[in-house]
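Hi there,

Here is the structure I promised to pass on to you. Have a look at it first, and then read on for what turned up.

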Amino acid sequence: MLYFTRWKALAIILTALAVCLCAVPNFFPEATVKTWPKWAQRHLVLGLDLQGGSHILLEVDSNSVRKDKLDQVRDDTRRTLRDAKIPYTGLAVRNDAVEVRISKDSDVATALSKLRELSQPLGGLMGQSGQRNLEVSDAGSGLIRLAVTQAAITERIRQSVEQSIQIVERRVNELGTVEPLIQRQGIDRILVQVPGLQDPTRLKELLGKTAKLDFRMVDPTVPADQVRQGGGVPPDSDLLMGAQAPKQPYVIKKQVLVSGGDLTDAQPGFDQRSGEPIVSFRFNTSGARKFAQATTDNVGQPFAIVLDNEVISAPVIREPITGGSGQISGSFTVQQANDLAILLRAGALPAPLTIIEERTVGPGLGQDSIEKGELAAYVGSILVIVFMLLTYRLFGVFANIAVAINVAMIFGVLSLLNATLTLPGIAGIVLTVGIAVDSNVLIYERIREEIRGGRTAISAIDAGFKRALSTILDSNITTFIAAAVLFYIGTGPVRGFAVTLGIGILTTVFTAFTLTRLIVAAWVRWKRPHSVPI
């Protein structure tokens with residue numbers, strides 16, 4: 001156990017040195033680090049509790065999710081009855097259900113059979129319990145009622161939250177922020193933490209917009225001003241307002257020619273003729289085909305670009321647009337064009353998000369946390385160093401050197417991963433110091449037992465390392481498993497603690513059985529001791 005070949009010793013030293021050097025960028029100003037090569041710019045990122053930032057809690061609008069689900073059921077009901085050629089009247093949403101009256105009594109049984117095909121078992125664990133998304137019943141007198149179950153609403157909210165998390169993450173990342181934390185909280189809430197962002201105004205604007213983009217035709221049959229003054233809106237049209245002040249009314253057909261879901265890219269730019277900010281967009285193959293068909297069939301007619309039920313612009317189609325791309329203009333500022341491009345690239349939210357909690361952690365509070373964390377680390381480390389020196393003397397010095405290198409390697413690995421360091425992460429590092437010392441204590445106590453058993457100094461040291469190996473591996477493996485479980489089932493600060501603890505265990509095993517043993521082996525070869533100063 002005490003013999004090392006020259007190459008093995010060199011490999012251990014170079015490994016420890018290389019990992020420790022990864023922590024060096026943390027000791028230089030960020031402006032200096034940015035001048036270094038890309039591979040050398042990896043460093044620790046301080047979490048929200050250490051450098052301050054924005055904390056926002058969002059809630060998915062469950063009423064909007066319920067309304068969308070009922071609208072979908074209504075449209076499915078209309079399509080099913082039309083395909084079956086069953087006449088009906090009074091199709092409408094009433095009291096959280098869709099109701100339709102079948103015109104002929106002889107068609108009621110057929111209509112019930114067809115509509116019950118819309119009732120499907122819910123997926124996942126709910127599907128195994130026999131719950132379904134719809135309850136279809138005959139209310140008498142030809143009236144059929146399709147009620148959406150609460151389980152279906154809950155499942156739709158869950159899906160909306162999962163989809164919203166992905167979209168929110170893309171929007172936040174587009175801002176260029178570092179290591180944002182975006183995670184689900186409860187059934188219908190999303191937690192967003194952005195370290196270093198002291199002014200969350202722009203972030204809230206981006207997160208608060210649904211960004212549902214549609215391309216629809218303007219209805220020229222009814223003047224918008226007349227409708228606004230009390231005239232009737234055609235059943236297949238909507239009255240929408242323009243996005244720019246002064247607000248201008250538009251009568252827009254409900255039929256969507258192309259949806260924003262067919263967009264593949266959106267970039268801000270400037271119009272070559274007027275120089276005003278615009279947003280250029282590009283469709284996928286399906287969207288390009290639908291857009292080309294729509295513009296070909298409606299040359300000379302105005303069409304509307306609608307974002308979140310507001311008309312951004314309503315240009316006239318001068319000629320068919322067959323290239324699958326176009327541009328949106330609407331008296332934007334440069335910032336507005338950039339934000340719109342971000343929203344379109346990230347995609348539309350499945351339901352509106354409401355900000356129910358907002359906090360801004362100032363850098364002063366973060367600095368106070370750093371100072372207290374450093375104080376705890378210093379006090380703990382000093383007490384450990386003093387204990388090891390008093391208890392194991394020279395071998396205590398060896399252990400302290402190994403522990404110092406161990407901590408430097410932890411920071412090196414965290415820097416290499418561009419990990420986020422939080423207060424719980426600092427606690428994990430302090431705990432690792434104790435675990436690393438514990439490994440050395442096991443080795444040294446085993447050496448003492450071998451000496452009391454009558455072994456010579458060199459033989460006792462060799463046996464101490466050899467026989468303590470299994471005990472140290474067992475204890476560290478079980479702790480590592482606990483850290484892995486915390487990482488996979490935990491969130492936020494718990495994960496930060498688990499990451500530093502897990503990395504610390506790996507570096508502890510390395511330093512205890514390679515570095516400490518190498519130091520002791522070098523001392524044995526140099527001194528050839530007849531007794532062990534322990």
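Let me start with residues 423–447: this span is 100% helix and 0% strand, and its end C-alpha atoms lie 37 Å apart. Please keep in mind that the model is a predicted one. An unreviewed UniProt entry lists residues 423–447 under "transmembrane region", along with 375–392, 397–417, 468–490 and 496–520. For one of these, residues 468–490, the chain is 96% helix and 0% strand, with 32 Å between the end C-alpha atoms.

The protein chain has a mean pLDDT of 83, and 95% of its residues reach 70 or more. Among its elements, helix α1 (residues 6–21) has the highest mean pLDDT, at 91, while helix α6 (residues 124–128) has the lowest, at 42. Over residues 124–128 pLDDT stays under 50, and the model has four contacts for them beyond four places in sequence.

Overall layout

Val 430 lies in helix α13 and counts as partly exposed, at 32% relative accessibility.

Aromatic rings

How many aromatic pairs does the structure hold? The count is 15. One of them joins Phe 281 and Phe 291, edge-to-face, at 6.2 Å centre to centre and with 80 degrees between the planes. Phe 281 belongs to strand β13 (residues 277–283) and Phe 291 to helix α10 (residues 285–297), so this pair ties together parts that are 10 residues apart in sequence.

A second pair worth a look is Phe 395 with Tyr 444: the ring centres are 5.4 Å apart and the planes stand at 70 degrees, which is over the 60 degrees needed, so the pair counts as edge-to-face. Here Phe 395 sits in helix α12 (residues 363–416) and Tyr 444 in helix α13 (residues 423–452), so the parts tied together are 49 residues apart in sequence. Phe 395 is buried at 0% relative accessibility, and Tyr 444 is buried at 0% too.

Ring pairs also link Phe 281 and Phe 291 with Phe 215, Phe 283 and Phe 303 into a cluster.

Charges over rings

The charged end of Arg 495 sits over the ring of Phe 487, 4.5 Å from the ring centre. Likewise, the charged end of Lys 527 sits over the ring of Trp 526, 4.6 Å from the centre of that ring.

One more residue in helix α12

Asn 400 also lies in helix α12. Its relative accessibility is 13%, which is under the 20% cut-off, so Asn 400 counts as buried. Which residues does Asn 400 contact, leaving aside neighbours within four places in sequence? They are Val 384, Ile 385, Met 388 and Leu 389.

Best wishes

Conventions: Residues numbered from 1 in each chain as written. Predicted model: local features only at pLDDT ≥ 70, side-chain atom pairs only at ≥ 80, totals over all residues. Heavy atoms only, no water. Phe/Tyr/Trp six-rings, centres within 6.5 Å; stacked < 30°, edge-to-face > 60°. Helix = DSSP H or I, 4+ residues; strand = E, 2+ residues; numbered from the N terminus. Buried < 20%, exposed > 50% of the residue type's maximum accessible area, 1.4 Å probe, protein only. Lys NZ or Arg CZ within 6 Å of the ring centre and 35° of its normal. pLDDT = per-residue confidence, 0-100. Contact = heavy atoms within 4.5 Å. UniProt positions renumbered as here; feature names shortened; annotations may be inferred.
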